[in-house]
Structures are given as C-alpha cells and as structure tokens.
Amino acid sequence: MSKPVCYSTKAYSTTSPSSPLGATTIERRQPTPTDVQIQIIYCGVCHSDLHFARNEWNFTQYPAVPGHEIVGKVTAVGTDVKKFKVGDTVGVGCLVDSCRTCPNCQSGFEQYCDAGMSGGTYGGTEKWLGTPTLGGYSQSIVVTEDFVLRIPANLDLAAAAPLLCAGITTYSPMRHWKVGPGKKVGIVGLGGLGHMGVKFAKAFGAQVVLFTTSPSKVADGKRLGAHEVVISTDEKQMAAHAGSFDFILDAVSAQHDINAYLNLLKLDGNLTLVGAPDKPLPVAAFPLIMRRRSFSGSLIGGLPETQEMLDFCGQHNITCDIEMIRMDEINGAYERMLKSDVKYRFVSDMATLQAESGKREA
Ligand code: NAP
Ligand code: ZN
Ligand code: ZN
C-alpha cells in the first residue's frame with residue numbers, strides 16, 4: 001500500500017490535556033479510488049470530544065482533533081466509488097473504518113470490531129498514513145465510501161449533525177432492548193445523548209420518564225417528549241418509581257450512583273449505560289440480584305443501523321435541538337458542557353474556521 005499524496009486543511013486541535021483548542025493546519029490523504037472527500041459544513045460537539053481532548057480515557061495522542069458528528073458535501077470521489085457523487089449531502093459518525101473481516105464487522109456491528117476502535121474518526125489509526133486519525137473540527141475529511149452515510153434531504157443539516165453520534169448511540173440500545181408501546185422507559189441525564197433518547201423513546205411509543213439533576217430542564221424534558229420528569233436528587237420522587245421500569249438508558253457523563261437506577265427496574269428489567277465517565281461506577285449486588293435485573297453497556301452503532309436511524313429520522317422528521325457556535329467558541333462550549341448547560345447540543349459552523357489564520361492561538 002503506497003502512501004497517497006496529502007493536502008492541507010484547516011482544523012481545531014489541542015496539544016495537551018490542559019491546553020485550549022486552537023486553529024491549526026492538518027494533512028489529509030488525497031482520495032484513493034474508494035474514498036469520498038467531504039467539505040465539512042457542521043460538526044456536533046459531543047461530551048466524548050471533551051473526554052478525549054483532555055485525555056480522560058488515557059489513549060489520546062497529541063495534537064488531537066476531536067469531532068465525530070460530521071455533515072457536509074461531497075467535493076471529490078475516487079474512481080471506484082459507487083454510492084456517492086460530488087455535491088451529495090453526507091455524514092460521518094464515530095467510525096471511518098474497521099477491519100471489515102471479523103465476525104462483528106461482517107454482521108454490520110463495526111463498532112464492536114475485534115480490532116477495537118482503530119477505525120475511530122479520532123483516536124484511531126489512519127491506515128494509509130500510519131498516523132492518528134483526526135476528527136471533524138476541520139474543513140475537510142477523506143473517508144472510505146463504506147463509512148459515509150446519506151443524510152435525508154428533508155432534515156435541517158446542522159440539526160442532523162448530532163444524529164451521527166448522539167442519535168445512533170441512543171437509537172441502537174433502545175432497538176436492541178425492544179423499546180416500544182407498553183414499555184416504561186427511563187432516560188437519565190438531559191444532555192446531547194439524553195435529549196435524543198427522550199425523542200426516540202417517545203417516537204417508539206414507550207412511556208417515557210426523564211431523570212435529571214437540573215430542575216430548570218423539567219419543562220424542556222416534557223416538550224421533548226417525556227411523559228414525566230423526575231428530579232433525581234429527590235429521594236421521594238425516585239422511590240415512587242421503585243421496581244417499575246422495563247428499561248433505563250443512562251447517558252450521564254460523570255460519576256453518579258448507578259444503584260439508585262437499578263432499584264427502579266422491574267423483574268428482568270435492564271439498565272444500559274451509554275455514558276462513559278472516566279472513573280468506575282460501583283455496582284452493588286442486591287439491586288441486581290433482587291429482580292433478576294441486568295446491567296449492560298452499548299457503543300454507538302454499526303453502519304447499517306446508523307443509516308437506518310438516519311432514515312427513521314427523515315421519515316419522522318426527528319432532529320436535534322442545537323445551539324450553533326463559531327469554532328473559536330469551542331473552549332467556552334466545553335466549560336458550559338461541564339456545567340450541564342447545553343440546550344441540547346452545540347454544533348460548530350465550519351465556515352467560521354475559514355476566517356481563522358491557521359496559526360495556533362494558544
Ligand atoms: P452532555 O451533553 O454533557 O450530557 C450529560 C448530562 O449528564 C448532563 O446534561 C446532565 O444532565 C448529566 N450529568 C452531568 N454531570 C452529572 C453528574 N455529576 N451527576 C448526574 N448527572 C450528571 O454529554 P453527552 O454528549 O450527552 O455524553 C454523555 C456521555 O456519553 C459522555 O460520557 C460521553 O462520552 C458518552 N458517550 C458515549 C457513547 C457511546 O457510544 N456509549 C457515545 C457518545 C457519548 P441533567 O442536567 O439532566 O442531569
Ligand atoms: Zn460522540
Ligand atoms: Zn472487525
């Protein structure tokens with residue numbers, strides 16, 4: 001495999017766990033025959049970007065460019081590309097490749113590839129260049145066509161961007177655990193993931209209860225589709241739901257008591273964790289064994305299911321509630337995200353990167 005020629009594109013990167021992000025220039029490979037080159041128009045801001053930028057998961061290589069909720073227009077295609085043409089509106093999520101041969105990849109579960117997250121949009125390995133992959137806080141990206149997704153034309157493009165991570169991460173486990181009519185479903189945490197969890201659980205026909213630590217989010221929780229909102233710090237409100245849920249999706253980004261939610265599950269109920277705090281969450285034995293409850297995790301979704309989710313959103317007109325930011329507002333956006341002060345996903349307008357000098361600010 002000979003190394004392809006590269007081109008330069010503007011990006012926002014960070015150089016250490018404690019540095020702010022700043023403007024820079026990065027190298028991308030020129031499209032190979034199976035590649036699609038995309039002008040990035042919008043990129044969502046996931047809490048994983050913050051965990052990664054600050055090396056909270058201990059695998060970040062610097063300089064690091066976060067961003068895996070990418071939407072834009074195709075600007076070039078390789079000679080063998082069949083599914084896309086110049087001008088198409090497309091998306092890229094958390095994966096830009098996988099081994100493609102292990103049983104999980106063969107089954108369309110590329111997120112559970114036996115090679116791990118080496119195909120991650122950031123923090124993976126750029127298999128042509130042998131360098132760390134660099135994410136969507138940039139003006140342009142080159143991705144093999146099998147990992148590029150179609151965005152339904154009726155969806156607002158900026159509000160569709162977070163579907164590529166927040167959308168699929170909540171859609172996939174709810175499909176797996178058969179959330180639907182007659183099921184009582186809890187969503188924990190009204191952030192980027194949580195607000196999509198509420199929208200999907202409602203769209204699937206379940207009875208939806210939102211758990212939040214923020215009393216200021218009660219009205220929004222109901223507007224987004226929750227039938228009831230519980231302030232999770234209020235023990236009385238929590239106790240009223242003991243032993244009653246079929247399924248709970250936990251989308252919290254920080255330390256919290258998981259056992260309080262296990263206690264709310266009924267017989268054979270399941271609590272699925274999608275939040276990825278850096279520290280372990282202690283699980284007590286009794287909340288699990290008392291009603292044959294189960295506790296599991298879920299990671300984003302594979303390519304076929306991500307396209308299915310996007311098409312479902314197109315059919316049901318589901319998008320994310322977003323706050324648009326300029327790329328140079330990203331450091332402030334991270335601070336607000338840490339205060340649970342996002343309504344309900346920041347999306348960066350990549351046209352604002354054009355104006356940047358290309359020199360690191362800090
Ligand atoms: P986010 O927008 O920051 O939302 C997190 C929410 O969790 C907050 O809005 C807040 O909701 C709640 N929260 C925050 N700190 C809390 C605390 N100390 N105690 C209790 N609740 C707290 O984050 P996000 O982008 O949705 O991501 C959530 C988590 O999922 C992150 O850890 C992220 O890395 C992870 N993630 C995992 C996957 C996957 O594939 N499994 C994919 C994407 C993201 P309230 O104000 O309502 O309490
Ligand atoms: Zn994400
Ligand atoms: Zn694989």
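These legends describe close-up views of the ligand sites in a predicted model.

**View 1. Four cysteines hold the zinc ion (ligand 3).** The donors are the SG atoms of Cys99, Cys102, Cys105 and Cys113. Their distances to the zinc ion (ligand 3) run from 2.3 to 2.4 Å. Along the sequence, these donor residues follow the pattern C-x2-C-x2-C-x7-C. The angles subtended by the four donor atoms are 101 to 122°, so the arrangement is tetrahedral. For comparison, the ideal angle for four tetrahedral donors is 109.5 degrees.

**View 2. Cysteine 102 and cysteine 113 sit at either side of helix H2 in the chain.** Cysteine 102 belongs to the loop between strand S5 (89-92) and helix H2 (103-106). Cysteine 113 belongs to the loop between H2 and strand S6 (125-126). The two are eleven residues apart, and the pair links distant parts of the chain. Cysteine 102 has 8% relative accessibility, so it counts as buried. Cysteine 113 has 7% relative accessibility and therefore also counts as buried.

**View 3. Two cysteines and a histidine are the protein donors of the zinc ion (ligand 2).** They are Cys46 (SG), His68 (NE2) and Cys165 (SG). These donors lie 2.0 to 2.3 Å from the zinc ion (ligand 2). Their spacing along the chain is C-x21-H-x96-C. Cysteine 46 is in the loop between strand S3 (35-45) and H1, while histidine 68 is in the loop between H1 and strand S4 (70-77). The pair therefore ties together parts 22 residues apart in sequence. Cysteine 46 and histidine 68 are both buried.

**View 4. Polar contacts of ligand 1 include side-chain atoms and a backbone atom.** In the side chain of serine 48, an N or O atom lies 2.8 Å from an oxygen atom of ligand 1. The side chain of histidine 51 also has an N or O atom 2.8 Å from an oxygen atom of ligand 1. At valine 274, a polar backbone atom is 2.8 Å from a nitrogen atom of the ligand. On its own, ligand 1 has 930 Å² of accessible area, and the protein covers 90% of that.

Terms used:
Residues are numbered from 1 along each chain as its sequence is written. Chains are lettered from A and ligands numbered from 1 in the order in which they are written. This is a predicted model: local features need pLDDT of at least 70, side-chain atom pairs count only at pLDDT 80 or more; totals for chains, interfaces and linings use all residues. Side-chain values use heavy atoms; hydrogens and water are left out. Donors are N, O and S atoms within 2.8 Å of the metal (3.2 Å for Na, K and Ca); water is not among the atoms, so sites may look incomplete. Four donors count as tetrahedral if all angles lie between 85 and 135 degrees; four count as square planar and six as octahedral if opposite donors are over 155 degrees apart and all others between 65 and 115; anything else is irregular. Helices (H or I, at least four residues) and strands (E, at least two) are DSSP runs, numbered from the N terminus. Buried means under 20% relative accessible area, exposed over 50%, partly exposed in between (1.4 Å probe, protein chains only). A polar contact is a pair of N or O atoms within 3.5 Å; within protein, one must be able to donate a hydrogen and the other to accept it, and residues adjacent in sequence count only if both atoms are side-chain atoms. Accessible areas come from the Shrake-Rupley method with a 1.4 Å probe; for residues, only the protein chains shown count as cover.
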